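Q: Hey, I'm new to this one. Can you walk me through its charged pairs?
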Amino acid sequence: MATNQELLNIRDLRIAFRTDDRVNPVLRGVDFSIPAGEIVGLVGESGSGKSVTGLSLCGLLPEKITNISGSVEFTPENHPIQLVGLPEKEFRPLRGSKISMIFQEPMSSLNPVLTCGYQVDEMIRLHLRYNKKQAKANTLELFAQVGLPNPERIYNSYPHQISGGQIQRVMIAMAISCHPKLLIADEPTTALDVTIQKKILELLVDIRDKFGISILFISHDLGVIKDITSRVNVMYRGVIVESGETKSVLDNPEHLYTRGLIACKPPLYYRPRRLPVVSDFVDIVANGDYFDFKPTKKDGVEENETSEKTSGRHPILSVQNLVVKYPVAKNFWGSPTSWLRAVDGISFTLHKGETLGIVGESGCGKSTLGRTLVHLEKPDTGTALLDGKDLFRQRESEWRRNARNIQIIFQDPYSSLNPKMKIGQAIMEPMMVHGLYQNKALRKEKMLSLLDQVGLLPEHADRYPHEFSGGQRQRICIARALGLDPRILICDESVAALDVSVQSQVLNLLKDLQTQLGLSLIFITHDMSVVNFIADRVAVMYKGKIVETGLTEDIIHHPKEAYTRDLITAIPKWA
């Protein structure tokens, strides 16, 4: 469907953000174009400027603190429109109808007090001038197209009543509802399991073919980039370091940074002791607005490691017959008449120093399980014994005293951070609440150590959450959870928003912490490659039930259930 006509032409785009005492350059002279009807990829590490590029094309950067220069020509019809410097009153009619965006963090992109259906209807009625009945019919059709189960229920649900993956699909439906000329997809499949991800990618290709929509596909997942894009641009700290046809760039990368990025991808069918990071392959030194890249010595892939047996370990957590259900229909008097069993009678054991991977489709109950174990959801029946004491039978005061023993890293980092609190204070606050460390100086020392462990700088402590990229915010949440030295850490898609290099750093860090502290992990994810590296055992969930469990290598190499085989088959193949 691609033509010779360029829908979008970016030349020497430079963006910097002003604060009280400094100017932070983010884009340092970006050049690339998007032909009509083509899907073009933008890939790079967290903080490289990918999302800022997308936001600038929608005119969504804060005008009062943004310096922007260069040229962005958008040609939806016969006459080009210069987007740089375009007044808001002229940008507003383009946004949604001609240029649309799927945001990286869907939970913070939807209005929490409006139903999902109403919010999509609003977009359709505004730009397409449909009446209420037509808009609802169109919305329900879109919900079915993006793979949402029971579209009528999702239509009437509020964002907090559905899973993170389902919220992302609602956002995708909203973005494509008006058939824009340019769709900016900023990590659109990050929160989705591989089977739904495959359907979404196929849907985006179908939309491109059917309506001739051009797509800027922003992602850190190299497999997804290779599956869906025809051209790719590799970005590092606001500079495009390599671009070209996707297959050529990923199969035979010329730039050292691209080679390092590709090497960081966790393998599926073997298990190294540690994952490589970009710094293992290339030294990067700032040189004005640009960077010098020099090769470093890497002694090849570390030897394969097998899943560990757990029969001799001490069980630290035992969950039996856990049921969590929600009312989905009520009678006239408000009493529930039907229920959704989000967690349907599951049982498992977690051993000291072990990592248990929980995998399954979006909406299967993975996150509900994690939230229930930290008292954020109420179980209907079942037990969860931590050192012989039932977590669900403790008084609230007793649970609060013991809460530091089991911590959770949430799926959406932005909504779990206080936007008015600097991140250094956000990391130290739980330490203060639980009376850890003797004074503020010791807590600050611990906080700075945690920032360093998760790949952030000391000066980041004095910044607010909105000043960070999505991946950086996730690292902040990981640091905050580790600050209490928990015995059990529940990671709910905690590396999903991270680029492959930082993901490798965090996964290596979690393994190191296990060795040092005897930490036990419940690792909730949809990425089977991550599970292969981090988990000793795997439990596969489907519709609230555990359908298969066993050692990681057995599950990946010899899955018994058809559903597990489908999960593995749906993983994008990029190497």
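Q: Which side chain meets aspartate 485 in a salt bridge?
A: That's lysine 446, at 3.8 Å from N to O. Keep in mind that this is a predicted model.

Q: Where do aspartate 485 and lysine 446 lie?
A: Aspartate 485 lies in the loop between H15 and E19, and lysine 446 is in helix H14 (residues 440–453), so the pair ties together parts 39 residues apart in sequence.

Q: OK, what does arginine 487 form a salt bridge with?
A: Arginine 487 pairs with aspartate 387, and their closest N and O atoms are 2.5 Å apart. Aspartate 387 lies in the loop between strand E16 (381–386) and strand E17 (389–390), while arginine 487 lies in the loop between helix H15 (470–482) and strand E19 (488–492), so this bridge ties together parts 100 residues apart in sequence.

Q: How many salt bridges are there in the whole structure?
A: A search finds 18.

Q: What about aspartate 344, what's its salt bridge partner?
A: Lysine 545, with the closest N and O atoms 3.2 Å apart. Aspartate 344 belongs to strand E14 (residues 336–351) and lysine 545 to strand E22 (residues 545–551), so the pair ties together parts 201 residues apart in sequence.

Q: Is aspartate 344 buried or exposed?
A: Buried, with a relative accessible area of 16%. Lysine 545 counts as partly exposed, at 41%.

Q: Switching topic: which residues are linked in a network of salt bridges?
A: Glu88, Arg92 and Arg95 are linked that way.

How values were computed:
Residues numbered from 1 in each chain as written. Predicted model: local features only at pLDDT ≥ 70, side-chain atom pairs only at ≥ 80, totals over all residues. Heavy atoms only, no water. Salt bridge = Lys/Arg side-chain N within 4 Å of Asp/Glu carboxyl O. Helix = DSSP H or I, 4+ residues; strand = E, 2+ residues; numbered from the N terminus. Buried < 20%, exposed > 50% of the residue type's maximum accessible area, 1.4 Å probe, protein only.
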